[in-house]
Amino acid sequence: MRSFSDAKQYAKLLGDGGILQAVETAQLIHSAMFGLNPEVDLSNLEALCAKHSEEDDYSKSRLLIELGRIKTLRGDVRGAWVSLNEACRLIYASNNRRYSILINLHYAYLVHLQGEQHQALNLVRNAEKELDKRVDRCLEFAMLGLEKRICRHMDEIGIFKCPAFQDARYVNLTSEQERSGKVMNQRIVDRDRGVFQSHRLLGDDPLGDLID
């Protein structure tokens, strides 16, 4: 967070409003993802999103996706659908491949929470088709993790024995994840294994601390 603040100061010195806006967006999304300022994160995201014009579809789409995610966590499912639908319109208008994967994963999670497991699994599989595995490693891990969660739920409630749950892709998920550098994904994998990393500093990820 200190690095974000420094970057904003440098952008102001350079007089580059585009860089300043990009850094400000990244800073707020980072804060919301890790629950650093829960009292104001949602309102700050909404305010910054309102400032962005639709011409800046990249930043606005990312803010809307994060708004959908944080509203889901707070139980505002209807609000999450509104934010994601608005993001979806911008993403497909600009043909942003990576964001289309990301928003499909968010849609899949919402549908999963609403009990439509087959539809959720279909959305995940559609997202998988868009992956470029040379560069989308973190997105691939997120996709595999959600697919595993959905399949496990389907097995538990007896819908059917999901063959993907035993898929070879999951065998090395943990060891591969450790090399990805995506701390949030790694924490979810650890939680799934029942492992707590004692070297992890409490307070760096308050939301993850709470879930643990």
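These legends walk through a few close-up views of one predicted protein model. Residues are numbered from 1 along each chain as its sequence is written, and side-chain values use heavy atoms, leaving out hydrogens and water. Because the model is predicted, local features need pLDDT of at least 70 and side-chain atom pairs count only at pLDDT 80 or more, while totals for chains, interfaces and linings use all residues.

View 1. Helices (H or I, at least four residues) and strands (E, at least two) are DSSP runs, numbered from the N terminus. Of the 212 residues, 41% count as buried; buried means under 20% relative accessible area, exposed over 50%, and partly exposed in between, with a 1.4 Å probe and protein chains only.

**View 2. Helix H4 covers residues 57–73.** Its 17 residues reach 24 Å from the first C-alpha to the last, close to the 24 Å expected at 1.5 Å a residue (the expected span is 1.5 Å times one less than the number of residues). Of the 17 residues of H4, 14 are buried, so this helix is largely enclosed by the rest of the structure. Just after H4, Gly75 takes a positive phi of about 85 degrees.

**View 3. Tyr58 and Tyr99 form one of the two aromatic pairs in the structure.** Rings of Phe, Tyr and Trp (its six-membered ring) pair if their centres lie within 6.5 Å; planes under 30 degrees apart count as stacked, over 60 as edge-to-face and the rest as tilted. This pair is stacked, with 5.0 Å centre to centre and 25 degrees between the planes. Tyr58 lies in helix H4 and Tyr99 in helix H6 (residues 97–113), so the pair ties together parts that are 41 residues apart in sequence. Tyr99 is buried, at a relative accessible area of 9%.

**View 4. Trp81 and Tyr107 form a stacked aromatic pair.** Here the rings are 5.4 Å apart centre to centre, with 25 degrees between the planes. Trp81 sits in helix H5 (residues 77–94) and Tyr107 in helix H6, 26 residues apart. Are these two residues buried or partly exposed? Trp81 is partly exposed, with a relative accessible area of 24%, whereas Tyr107 counts as buried at 11%.

**View 5. Phe196 is found in the loop between helix H10 (183–193) and helix H11 (206–211).** Phe196 is partly exposed, with a relative accessible area of 47%. The C-alpha atoms of Phe196 and Asp212 are separated by 8.2 Å, and the two residues are 16 residues apart along the chain.
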